[in-house]
Amino acid sequence: MTGWEELASTALVGTDRRPYQGDLLEAAAVEVARRRAGRRVGEAERQDPAPDEERAAVGRRAAERLARIMGGEHERLLPEWLAAAAGTGRRVPPYVLPELLDRGRRDRSIRVHLGVLAGQRGRWLAGVNPAWDYLLEEPTGETWELGGAADRREHLRALRKADPGRARRLLESTWERETPDDRAEFAEVLADGLSMEDEPFLESALDDRRREVRQAAANLLTRLPGSRLSQRMAERARACVAIKGNVIAVEAPEACDKAMERDGVRPKPPRGIGERAWWLQQVLARAPLGVWGHPPARLLKMRIPDWDAEVKAAWVRAAILQKDPGWARAMFGWDPIADLLDSLPPDEQQELAADFVKKHDLDSQLIMVLGGVSSHWREGLATAVLRKIVKVATTQPWNLGELVKMAGERIDPALFPLVLSYSPVESIQQVAALLRFRAEMYKELCP
């Protein structure tokens with residue numbers, strides 16, 4: 001038996017597929033052999049067999065659709081297929097693993113589900129091919145004590161949803177032993193169920209050696225108006241801003257001291273922004289929104305003689321950081337950026353986006369706003385987008401490509417009959433065809 005035959009045979013032990021020349025998994029094994037310590041394929045040492053699979057594979061039709069997607073048919077649906085398949089607890093069949101793992105090597109965004117979907121055979125391949133070893137860092141369902149970093153994040157995230165205090169205490173018990181990278185990612189998990197009970201732990205994390213940890217802690221403390229950080233930022237904001245009648249007088253900070261840095265203010269500005277403007281924006285963005293004493297709609301009507309753009313940019317950032325729905329709603333009316341929608345519940349996201357679509361011409365800003373709306377779009381937003389497509393189809397059909405794709409990818413597939421009958425316009429029928437494709441995709445993945 002040749003080297004590649006040995007590797008292919010080993011990789012396929014326990015599967016329901018017999019090895020044969022040309023199999024994608026055999027091709028992957030050949031590539032693995034080529035990379036092993038510079039040996040020729042025929043000299044590659046035999047590997048231990050891959051462990052038996054613990055999960056069933058998706059059905060034949062679902063696997064065939066995955067192959068079609070990876071082959072270029074509605075390729076942008078790959079993340080959605082992977083997420084839906086991972087939700088069933090099943091894995092992909094072995095023959096798609098080489099191409100899928102290569103995709104994950106190039107596209108980090110699809111890795112999150114591969115730890116489950118690749119199964120034991122995928123992890124076996126990742127162990128012998130350095131190009132695929134990223135898979136070993138993705139969650140597989142192991143426990144806090146036994147799992148890798150990704151598994152432990154998922155465990156902490158699930159525990160945080162069930163019992164926030166217990167999750168924080170678990171993290172505190174191992175915090176000093178965690179790597180700097182893990183500490184930064186674990187800290188962000190605390191965003192779910194955040195409360196003042198987390199404040200002492202997060203305040204101490206402001207002294208962490210790793211900047212990303214300090215920044216994550218500062219971002220979370222900013223969402224707690226009663227935190228010590230928020231109160232310090234409120235004092236700094238009051239030193240910079242005075243409201244008299246309908247005028248907001250502003251004086252930007254003259255310096256960024258160590259105490260400000262500890263509270264998350266970065267001293268070095270991005271290119272194109274002055275230091276004082278940068279410090280001002282960060283201080284105001286982290287000050288509790290209640291410090292202003294007026295609703296955002298009224299503040300936006302006031303005159304700001306100096307630093308007007310910086311103050312309003314800070315309010316946008318504050319609404320995003322502090323996830324305040326009232327401020328996000330008001331600031332979206334002033335500056336409709338997609339990040340503001342994340343602070344709103346899905347229904348309101350869709351209502352605001354639908355209103356924006358009705359009033360706004362088709363351009364890159366409209367596409368970005370729609371990109372910030374959670375799937376699956378329901379009838380109100382779907383109808384607004386379909387109406388826009390029909391309107392633009394009569395004047396600028398060449399400008400519809402991205403909107404048509406996004407509509408087909410984001411509208412709830414259950415609305416396929418509505419879209420199919422909405423209009424005979426070709427672009428609408430393209431949306432309907434993509435919705436049908438997705439509806440069939442979900443049906444095939446049903447257990």
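Select Thr174 to begin. Apart from its neighbours within four places in sequence, Thr174 is in contact with Trp144 and Arg152, so show those two side chains as well if contact, meaning heavy atoms within 4.5 Å, is what you want to see. The model in the viewer is a predicted one. Thr174 belongs to helix H9. Is Thr174 buried or exposed? Its relative accessibility is 8%, and because buried means under 20%, Thr174 counts as buried.

Next, select Trp175 and Phe201. The structure holds four aromatic pairs, and Trp175 with Phe201 is one of them. The two ring centres are 5.0 Å apart, and the planes stand at 80 degrees, an edge-to-face arrangement. Trp175 sits in the loop between helix H9 (164–174) and helix H10 (180–189), while Phe201 is in helix H11 (residues 199–205). The pair thus links distant parts of the chain, 26 residues apart. Both Trp175 and Phe201 are buried.

Now move to Phe332 and Phe356. How are the planes of Phe332 and Phe356 set relative to each other? They lie at 65 degrees, with the ring centres 6.1 Å apart, so this pair is also edge-to-face. Phe332 is in helix H18 (residues 325–334) and Phe356 is in helix H20, so the pair ties together parts 24 residues apart in sequence. Phe332 is buried, and Phe356 is buried too.

The crossing of H20 past H22 is left-handed.

From H20, select Gln350, Ala353, Ala354, Val357 and Lys358. From H22, select Gly380, Leu381, Ala384, Val385, Arg387 and Lys388, which the H20 residues meet. Which classes of residue make up the contact of H20 with H22? Six are nonpolar, two are polar and three are charged.

Methods:
Residues are numbered from 1 along each chain as its sequence is written. This is a predicted model: local features need pLDDT of at least 70, side-chain atom pairs count only at pLDDT 80 or more; totals for chains, interfaces and linings use all residues. Side-chain values use heavy atoms; hydrogens and water are left out. A crossing is left-handed if the near helix is turned anticlockwise from the far one by less than a right angle, and right-handed if clockwise. Helices (H or I, at least four residues) and strands (E, at least two) are DSSP runs, numbered from the N terminus. Ala, Val, Leu, Ile, Met, Phe, Trp, Tyr, Cys and Pro count as nonpolar, Asp, Glu, Lys and Arg as charged, and the others, Gly among them, as polar. Rings of Phe, Tyr and Trp (its six-membered ring) pair if their centres lie within 6.5 Å; planes under 30 degrees apart count as stacked, over 60 as edge-to-face and the rest as tilted. Buried means under 20% relative accessible area, exposed over 50%, partly exposed in between (1.4 Å probe, protein chains only).
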